[in-house]
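Have the sequence and the model open beside you.

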Amino acid sequence: MIPFLDLKAQQARIEPELRRRLEAVLAHCQFILGPEVAELETRLAAYCGATHCVSVSSGTDAIQIAMMAEGIGRGDAVFLPAFTYTATAEVPLVLGATPVFVDVDPATFQIDPAHLAARIAEIRAAGVLKPRALIGVDLFGQPADWPALRAIAQSEGLFTLDDCAQSFGASLSGRKLGREADATAISFFPSKPLGGYGDGGALLTDSDERAALYRSLRTHGEGTTRYEVMRTGMNGRLDTLQAAVLLAKLDVFDAELAERARVAAIYDRRLGNVLTTPKRVPDSASAWAVYAVLLPDGAIRDRLQASLREQGVPSAIYYPRALHHQPAYAASHDGAALPVSEDLATRIMALPIHPDLSDADAERVCDAVATALG
Ligand SMILES: *Cc1c(COP(=O)(O)O)cnc(C)c1O
């Protein structure tokens, strides 16, 4: 079986630096907010040109801390795409706010700015919820249409959070993601482009005030001293051991992005005539967290997945359900039609993509797809 993700191969490549980094932590024993955490924050901020990076315990906690810092809660509408990972919608609900689902673009799978504008107008007309925030998601490694999203959010007075959990390392108009919104949330879940060996995340922002709030919120709302509690916060810090792992991985991150793009180029070339390959967001470079293809319908997708499995090729479905159809979220949906998200869930499928997937294995994946659909 070709691995869908190959963390062992990656570990073998970076092992000396990884061990050096981990041994340094074992030697100094500063497991909470040790020097590696500050070093990682400095390097991540520099990587994308953001003024501040505040590392946290997960991508989900990054979203939550960003929303808490804005005081978002009961009666507030938070706009977000219906076609994304569950965490994006979970956080507003945990804080008592209401997620307002927005449809996505059928070709790029990114949140649709025209539908966002229509949804904001609907919520204003209904007069029940106060439009407060937009969580734009950069899905599958590609950037959302941030120039359009920013313009709408600005004219509507919305706080913007870039849920960049899947797409750190991608760029838009030659700029690395990390400065497209008021704040950017990233995730170090092991399968993300920059993944640790456990949970982790970070917030990026150019705002001094927000960065200070994020640092306070991740440590129980602390003030200038540890035993002064200024606000209700959480235990949301990144472990020093995770920072050490991430520093070793950051050294090879750009080279890995190039390897992911190499695999994507093989799939594009070989599969363009067999199924619908992912359309690029204009003027962007993807981090290729996911290579998602579209099949004509769900029955063909089922048959393709079964045939690929038999041929030793794994596949996955991100996402089998639009979020407004999830049992946990259905009750908070206002009933608006979200036809593109619903359609994508029935016929989208992801192929293996990672830096250690050889040309030969990528060709094998393509041969298996051609055999299955031929
Ligand atoms: C992975 C992911 C998250 C959550 O990140 P965790 O680190 O797993 O908490 C949030 N949003 C999106 C779009 C994701 O893919």
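## Exercise 1: A salt bridge and the domain interface

D334 forms a salt bridge with R119, with 2.9 Å between the closest N and O atoms; here a salt bridge is a side-chain nitrogen of Lys or Arg within 4 Å of a carboxyl oxygen of Asp or Glu. Before you start, note that this is a predicted model, in which local features need pLDDT of at least 70 and side-chain atom pairs count only at pLDDT 80 or more, while totals for chains, interfaces and linings use all residues. Residues are numbered from 1 along each chain as its sequence is written, and side-chain values use heavy atoms, with hydrogens and water left out.

**Task.** Describe the interface of domain 1 and domain 2, including how many salt bridges the rule finds across it.

**Solution.** 

Step 1. Count the salt bridges and polar contacts. The rule finds four salt bridges across the interface of domain 1 and domain 2. There are also 20 residue pairs in polar contact between the two domains, both residues at pLDDT 80 or more. A polar contact is a pair of N or O atoms within 3.5 Å; within protein, one must be able to donate a hydrogen and the other to accept it, and residues adjacent in sequence count only if both atoms are side-chain atoms.

Step 2. Look at the domain 1 side. Elements that each supply at least two residues to the side touching domain 2 include α1 (7-28), α5 (113-126) and α8 (240-250). Helices (H or I, at least four residues) and strands (E, at least two) are DSSP runs, numbered from the N terminus. The residues of this side divide into 25 nonpolar, 15 polar and nine charged, where Ala, Val, Leu, Ile, Met, Phe, Trp, Tyr, Cys and Pro count as nonpolar, Asp, Glu, Lys and Arg as charged, and the others, Gly among them, as polar.

Step 3. In domain 1, 49 residues are in contact with 39 residues of domain 2, contact meaning heavy atoms within 4.5 Å. The buried area is about 3,500 Å², and carbon and sulfur atoms give 60% of this; buried area is the accessible area (1.4 Å probe) that two parts lose on being put together, summed over both.

## Exercise 2: Q166

**Task.** Is Q166 buried or exposed, and which residues does Q166 touch?

**Solution.** 

Step 1. Q166 sits in the loop between β5 (159-163) and β6. With a relative accessible area of 9%, Q166 is buried.

Step 2. Leaving out residues up to four places away in sequence, Q166 touches Y85, D138, L139, F140, G141, K192, P193, A289 and Y319. A polar atom of the Q166 side chain lies 2.6 Å from the backbone nitrogen of F140.

Step 3. Follow the list to Y319, in the loop between α10 (298-310) and α11 (327-330). A cis peptide bond joins Y318 and Y319, with omega about 5 degrees. Most peptide bonds are trans.

## Exercise 3: Backbone angles

**Task.** Where does C29 lie, and what is its phi?

**Solution.** 

Step 1. C29 is in the loop between α1 and α2 (35-48). Its phi is positive, about 60 degrees, although C29 is not a glycine.

Step 2. H220, in the loop between α7 (208-218) and α8, also has a positive phi of about 60 degrees and is not a glycine.

Note on methods
Buried < 20%, exposed > 50% of the residue type's maximum accessible area, 1.4 Å probe, protein only.
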